[in-house]
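Subject: Structure handover

Hello,

Here is the structure you will be taking over. Please open it alongside this message; the notes below it are meant to be read with the model in view.

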Amino acid sequence: TSPKIRVEFDQSTGVAVLHMQSPPVNSLSLEFLTELCISVEKLEMDKSCRGLIITSGQPKVFSAGLDIMEMYGKSPEHCGAFWRAVQEMWLKLYSSNMVTIAAINGSSPAGGCLMAMTCDHRIMADNPRYSIGLNETQLGIVAPFWFMDTMTNTVGQRTTEMALQLGLLYNPAEALKIGLVDQLVPEDQVLTAATQTISKWLAIPDHARQITKSMMRKQTIDKLRSNRESDIQYFVNFITKDSIQKSLGGYMEMLKKRRA
Ligand code: CO8
């Protein structure tokens, strides 16, 4: 199979651009997550790489979030392995020492929004057809505590409480207003703007910025690190329930019908 991740590293700036290229919608499958984690880990270990821009190589979509097919009709063992990979992605990105920027050039629901929220700065294409948010309740599922924590850390308690219960998806203007994204730019300028913004972040001494970032995020990260196994157990029990499987099945059908 062709690679789902393409990394371009510019030695002169120390910035890597990670292009997600898993057609049609960059859904986060086990294979995709494994490849993503390996790529990020390689960059993390490369001392010359100081910044990471994450973007999509697919038109109209940043990432559709978790691959629903990895959670639908699968064995508990499979669901467990999948969930461990989702945790790993979040841990790697949220605790990265690099400056991370999400160049959100399309819709970014659920797990896609989570991935964007792990970054230090979010730039979104100013196209009202795109949306971003944690819409889990709309699928009849519950965002795990660390999804909630990440959103709370980004936009605050009250906004998160409302957004999560209603499963809100925000258009770019609304997302900017609540601080879910930091900057809107015309669609064809997302990557250019990310490159400009990252150079400002890179002007700060690395060690001071890195320690500050890790102090700010430590509590949230430790909470998952020390509860990984029970979080996996909880997920597997939840997702394999008949009622939840039924909701997921109905949602997939709705996605397909919507297009027909
Ligand atoms: N997983 C698997 N397949 C998907 C997904 C997905 N997340 N999203 C889209 N697809 C499929 C579609 O079914 C469609 O398949 P087909 O070609 O066979 O009909 C194909 O991808 C293309 O999709 P669209 O035609 O819908 O493409 P559009 O460009 O019109 O729209 C969107 C793109 C906006 C991304 C749209 O596809 C969409 O809204 N997708 C659903 C996004 C979503 O709700 N994701 C939630 C995933 S759950 C999650 O991330 C967190 C779960 C936490 C679990 C906690 C439990 C305890």
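Predicted model: local features only at pLDDT ≥ 70, side-chain atom pairs only at ≥ 80, totals over all residues.

Residues are numbered from 1 along each chain as its sequence is written, and side-chain values use heavy atoms, with hydrogens and water left out.

Helices here are DSSP runs of H or I with at least four residues, numbered from the N terminus. H5 spans 157–166. Thr 159, Thr 160, Ala 163 and Leu 164 are buried in H5 (buried is under 20% relative accessible area, exposed over 50%, partly exposed in between, with a 1.4 Å probe and protein chains only). Viewed down the axis of H5, these buried residues fall within an arc of 120 degrees, so they line one face of the helix; the arc is taken from the directions from the helix axis to the C-beta atoms. That buried side packs against helix H4 (145–155) and H6, where packing rests on contacts, meaning heavy atoms within 4.5 Å. On the face turned away from it are the exposed residues Gln 157, Arg 158, Gln 165 and Leu 166.

Just after H5, Gly 167 has a positive phi of about 60 degrees. Leu 168 sits in the loop between H5 and H6 (172–178), and counts as partly exposed because its relative accessibility is 28%. Not counting residues up to four places away in sequence, Leu 168 touches Ile 132, Gly 133, Leu 134, Met 162 and Ala 163. Of these, Gly 133 is 35 residues from Leu 168 in sequence, with a C-alpha to C-alpha distance of 6.0 Å.

Helices H2 and H9

H2 (residues 76–94) and H9 (residues 228–239) pack at about 130 degrees, their axes 9 Å apart. Axes are lines fitted to C-alpha atoms over the stretch in contact, and angles run from 0 to 180 degrees between N-to-C directions. The pair is therefore oblique (under 35 degrees is roughly parallel, over 145 roughly antiparallel, 65 to 115 roughly perpendicular, the rest oblique). Residues that meet include Trp 83 and Leu 91 in H2, and Ile 232 and Phe 235 in H9.

Ser 39

Ser 39 lies in helix H1 (residues 30–45). Ser 39 is buried, at 13% relative accessible area. Leaving aside neighbours within four places in sequence, Ser 39 is in contact with Ile 5, Val 7 and Leu 18.

Regards

Methods:
Helix = DSSP H or I, 4+ residues; strand = E, 2+ residues; numbered from the N terminus.
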